[in-house]
Amino acid sequence: MNPQLRRRFASAALIVGFFVAWELLCLAFGIKDIVLPRPSQIVVTLGQRMPAIWPHALQTLYTTLIGFALGIVAGVFLGALVGSSKLAYDVAYPLLVGFSSIPKVAVVPIFVLWFGAGTIPAVLTAMILCIFPIVVNVATGLATTEPELEDVMRALKASKLDILANVGLPRTMPYFFASLKVAVTQAFVGTVIAETVASNRGIGNLMMIASSSFDVPLVFAGLLILAVLGVALYVIFSFIEARVTGWAHRKDEFAMG
Amino acid sequence: MLAPVPDSRARVDAFVELQNVTHTYGRGDKEVRALDATDLRIEKGDFIALVGPSGCGKSTILKLVTGLINASSGCVFVAGREVTAEPVRVGMAFQNPTLLPWLTLRDNVMLPLKIVAPFRQEYRAKRRSEFRDRVDALLVQVGLAGFADKHPWQLSGGMMQRASLCRALVHEPQLLMLDEPFGALDQFTREELWGIMQDLWMTRRPTVLLVTHDLKEAAYLANRICVMQARPGRIIQESAVDFSRPRTIALSYDPDFVTLTQRLRELIMRPAKETVQ
């Protein structure tokens with residue numbers, strides 16, 4: 001068995017083992033499903049209530065993706081601005097750190113105040129949660145571009161835009177994609193926070209209602225849906241990352257392929 | 001020292017001309033005068049080498065002529081015009097290969113065609129046909145046949161440096177700037193690349209300005225060698241190199257060649273104050 005296959009097998013075994021252990025511990029100690037439902041109960045609940053859960057899952061996914069897309073646009077734009085020069089980087093960085101250290105939950109009520117409850121605060125919360133990793137990474141990638149590479153372009157009398165398009169942005173791609181993987185999971189966090197606080201749709205809202213009626217298996221079913229969606233998006237972006245920025249990892253399989 | 005020649009006709013035959021150029025890095029207490037009142041004229045199609053100790057302003061001259069930095073005072077003309085306004089195509093190779101790691105060798109070498117007029121207008125149409133053939137032919141010429149689809153990190157330092165030379169030449173520059181491009185290579189690769197460089201110069205006839213620490217390299221490749229002195233950096237002597245071309249490595253054991261490199265060496269090693277007239 002080759003090492004890569006063994007690694008995959010081991011992580012799959014760990015995941016399955018985790019759920020099996022959970023199931024067995026619940027059975028062994030007789031834990032009631034109002035405290036901690038067993039995985040099998042969660043799956044059954046998920047199957048039975050799927051028609052009711054499905055619209056909420058779609059709403060959450062939709063909100064997250066819109067927030068994420070807006071976050072990418074704004075994040076890349078701000079990142080390019082901040083990373084465009086050493087001066088801009090040094091000047092803007094403290095403000096950026098200040099903003100990013102605000103707990104984002106705290107801004108949800110402000111959005112609700114401005115836009116009312118519903119989809120818009122959720123989209124905005126998802127956006128601001130995923131914006132900072134992107135800005136910081138894009139700016140760092142641009143600001144750390146080797147001056148020698150820029151000199152190659154400047155000797156060719158390339159314009160600033162040419163340099164950005166041919167050196168700055170490609171050089172930044174590994175940083176950008178690394179930030180996307182973080183950002184997409186952050187966007188989910190943002191959406192769910194906003195949905196629990198102020199919305200009448202979405203998985204966050206579903207879980208709030210379920211927990212207030214002590215429907216604990218449904219709460220966990222919601223969690224499971226969130227985990228699956230988050231992992232799926234993470235996998236998609238990892239895949240794109242590997243295709244686009246393989247050069248930065250210098251694997252022979254990529255280079256030969 | 002030559003008096004500045006302001007009359008424009010004199011500038012036409014000199015392809016590159018530095019008039020009373022000085023350059024200082026830094027400000028205030030940290031100010032370092034890298035280049036002191038330098039005049040230099042290079043004819044079109046000539047091959048000039050700049051030699052001298054570290055910190056004598058060799059690379060500064062190169063950067064001034066390329067327009068990467070601006071002179072603190074004095075004038076730099078290329079093809080009869082101020083350096084920043086010139087329409088001249090420039091190729092540059094550095095001591096490090098500076099290839100872009102995310103591109104294949106072919107795309108790296110093709111980069112100038114994507115940027116520089118008049119090629120950039122035709123880039124989309126020709127990058128899979130004419131330009132591709134041109135790049136591949138150039139790679140073959142420097143001994144990189146079959147490596148066009150490799151990425152830079154899959155190659156040795158010498159191979160990357162060859163590709164870097166191709167990139168400096170692919171857009172048929174009128175002016176070729178070489179900043180110690182063979183400095184980090186082993187002796188055998190270096191001598192092989194001297195031969196390749198000489199072939200490329202003889203077939204294409206760009207105007208070349210080579211910065212080097214290696215006196216043998218300067219004497220092998222150049223038509224004229226400018227010896228520089230450090231602190232403050234200035235040109236103290238220019239020697240013509242008259243050996244017939246194509247030159248070979250065997251020439252470097254010729255008594256005249258050895259005498260020339262020894263004389264250059266003594267000039268550079270001599271304490272600065274003795275050389276001041």
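How many residues does the contact take from chain A and from chain B? Here is a predicted model, where local features need pLDDT of at least 70, side-chain atom pairs count only at pLDDT 80 or more, and totals for chains, interfaces and linings use all residues. Residues are numbered from 1 along each chain as its sequence is written, with chains lettered from A and ligands numbered from 1 in the order written.

**View 1. Where chain A meets chain B.** The contact takes 16 residues from chain A and 17 residues from chain B (in contact means C-beta atoms, placed from the backbone, within 7 Å). On the chain A side, α7 (147-155) and α8 (160-197) each give two or more residues, and α7(A) brings the largest share, seven residues. Helices here are DSSP runs (H or I, at least four residues), numbered from the N terminus. That side of chain A splits into 10 nonpolar, one polar and five charged residues (nonpolar: Ala, Val, Leu, Ile, Met, Phe, Trp, Tyr, Cys and Pro; charged: Asp, Glu, Lys and Arg; polar: the others, Gly among them).

**View 2. α3(B) against α5(B).** Contact residues include V109(B) and M110(B) of α3(B), and V135(B) and L138(B) of α5(B). The contact divides into eight nonpolar, no polar and two charged residues.

**View 3. Around V65(B).** Leaving out residues up to four places away in sequence, V65(B) touches V16(B), V76(B), V78(B), V83(B), M177(B) and L209(B).

View 4. Chain A averages 88, and 96% of its residues score at least 70.

Technical notes:
pLDDT is the predictor's confidence in each residue, from 0 to 100. Two residues are in contact if their C-beta atoms, placed from the backbone, lie within 7 Å.
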